[in-house]
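Biologist: I would like a close look at a single part of this model, followed by one connected account of what surrounds that part.

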Amino acid sequence: MKYRPSRRTRRLAIGTAVVLALAATNGPWLYRFGTERYHTYAVNRPDYMAANGHWDFLDVPSEHRINTIHAALLHTGKVLLVAGSGNNQKNFDAKTFRSVLWDPETGAFKDIPTPKDMFCAGHTQLPDGKLLIAGGTKRYEKLEGDVTKAGGLMIVHNEDPDKPVTLPAGTRFTGKGNGRTYVSKDPVLVPRATKVFDEKTGAFLRNDPGLGRIYVEARKSGTRYETGTEDNYRIAGLTGSDTHNVYGIAQKLALDKKDFQGIREAFEFDPVAEKYLPVDPMNEARWYPTLTTLKDGRVLSLSGLDEIGQIVPGKDEIYDPKTRTWAYTGVVRKFPTYPAVFLLNDGTLFYSGSNAGYGPADEGRDPGVWDLDTNTFTTIPGLGDPDLMETSATVRLPPAQDERFMVIGGGGVGESAKSSEKSRLVDLREPHPEFRDGASLSGGTRYPSASLLPDDSVLVTGGSGDYRGRGGSNILQARLYDAASDTYTRVADPAVGRNYHSGSVLLPDGRVMIFGSDSLYADGANTRPGTFEQRVEIYSPPYLYRDTRPELTAGPERIRRGGTGLFTTRDAATITSAKLIRPSAVTHVTDTDQRSVALDLEKASDSVTVTVPDNRALVPSGWYMLFVTDAEGTPSEGTWVEIP
């Protein structure tokens, strides 16, 4: 008898076939769904967070989302996020410049009127708690092919020793040899000539002309207005002796790529009034400059692209917060843009070799110690991957007293695809310091973010293997670095890739804010243009998942260098260390402000007394977060203390 399945069996078979068909069709999705759910479950387990920490997205209202390129922690506990035009030419053309203030304690956001395009400015913390921001964008770059009018650098000479000359915007320059006319885009002040005398006889030798630099452009479009050789240029509108004393000299004026141009404007951001205050402009326009606080509280401004899109030719200058004015240093030293230059404990400066983007490959890139007073520079040898230092991060390892630095990752000059996995270490206390290679990252890493944590570890996160994340090379990893053992420990992975225009800031509660990222492409095949990453992540380190953390209940808001401060606490018995951490002001993986200064500690039954080192270069004046830690390294929340 032929077998005939029952109605129930047929239904079961049909149902099984349907399930198998659906599984075959949706299996990958089901697998991903199940994997993602398990991952979410795993990373939220208490034991996992206690070992690896945890990442969360910051809930930023849509009206306050900006292309954050600069960030600074203020002594009010709030974070200033600065986009300027946000690397968006449409914003620049519309003069839409943005800054947002975020309060981590309340979660509130506030738009801050932003008077100039602070995109790619420099910044640093001032002694009175304000934030100095200097430079920014005057003009966006124009790529080769987009340039329609020939232009370039005109050097204006003034041979009159008796007076300077000012040429207004729109001044016409006509070549004596080529006959072509070019027009200046901005006014230029040309200093008077300098009389030179023989040192022995006192006899007059010559006049060294005063020089002014200005960008000029052809009046009409087309290749016929390009020049390829040097020529002298007559200047229209001059009269009398100026007609032969003042003239221009230009080399190539062409349709080549035109780089970004900088501005001179500078501002102090007042954290209490929550607004920008204009101060004296710099003498030099700067785009991509570094600002470094000096021993006496003044600020050194270095490098940058000037108002014609060329590297500022070593004309460093200093800002005096007391007079709010700038003055040249009187020395000349050239660096690539955003050089990582740190104040050392004897008042000299350390240049790690880290930088972020523009400048010749063979000039100003060697690391060393710079004595600004004498303009002597002592090179430090031994740097691993010395040709892969662009977009590397430099961090001053804790405690700052030890003067040990770590240089992390980096890549080749410009748009190079090369990157380094090295961490290079140097101890400047040694009689003849040399770099040595430390623990390595998992692969080549450009744009790594590095934040000092109050347990003396360093959070290193983000970056990409290729220029601006090309080829889908963002690195979704975070590590804690321990300087004592020279080891990296992999911790919880962030959800968002971070490369160019990203950074990290330690918050007073011990968490770390990670912002930005400006990928060149949105896919691994490099076929779709990238978009700026406006999401902000918050990393909570493992120490925030322990049962208890020490707490300071009261104490002074101000402690002088060499002085002491008594802080009441119920946890005196468990506290083992104390430190001052200077708040970050970070952009383009450059943060010369952050440092962690160890404090002497004495304990009583219900209080601790800390002593601040009596060294103005080690502890520059300003506001700091005071953290105390227990034997496990669990930190208190930061208490704001002013060092006057």
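Which residue in strand 23 is the bridge partner of T293?

Modeller: The model is a predicted one, and in it the bridge partner of T293 in strand 23 is V299. That bridge belongs to the pairing of strand 22 with strand 23 (residues 299-302), which runs in the antiparallel sense over four bridges. The two strands are part of an open sheet of four, ordered 22-23-24-25, in which the pairing is antiparallel. Strand 22 (290-293) and strand 25 (325-332) are the edge strands, each of them pairing on one side only, and from one strand to the next the twist averages 30 degrees.

Turning to the aromatic rings, a search of the whole structure finds 23 aromatic pairs. Among them is the pair of Y182 and Y233, which is edge-to-face because the ring centres lie 6.1 Å apart with the planes at 75 degrees. Since Y182 lies in strand 12 (residues 181-184) and Y233 in strand 17 (residues 231-235), this pair ties together parts that are 51 residues apart in sequence; both Y182 and Y233 are buried. The rings of Y319 and W326, by contrast, form a tilted pair, with centres 5.0 Å apart and planes at 45 degrees. Y319 is buried at a relative accessible area of 0%, and W326 also counts as buried, at 7% relative accessibility.

Ring pairs also link F92, F119, Y140, F260, W287, Y288, Y338 and Y358 into a cluster. Finally, a charge meets a ring where the charged end of R139 sits over the ring of Y215, 5.1 Å from the centre of that ring.

How values were computed
Residues numbered from 1 in each chain as written. Predicted model: local features only at pLDDT ≥ 70, side-chain atom pairs only at ≥ 80, totals over all residues. Heavy atoms only, no water. Pairing = 2+ DSSP bridges. Axes fitted to C-alpha atoms, helices over the stretch in contact; angles between N-to-C directions. Phe/Tyr/Trp six-rings, centres within 6.5 Å; stacked < 30°, edge-to-face > 60°. Buried < 20%, exposed > 50% of the residue type's maximum accessible area, 1.4 Å probe, protein only. Lys NZ or Arg CZ within 6 Å of the ring centre and 35° of its normal.
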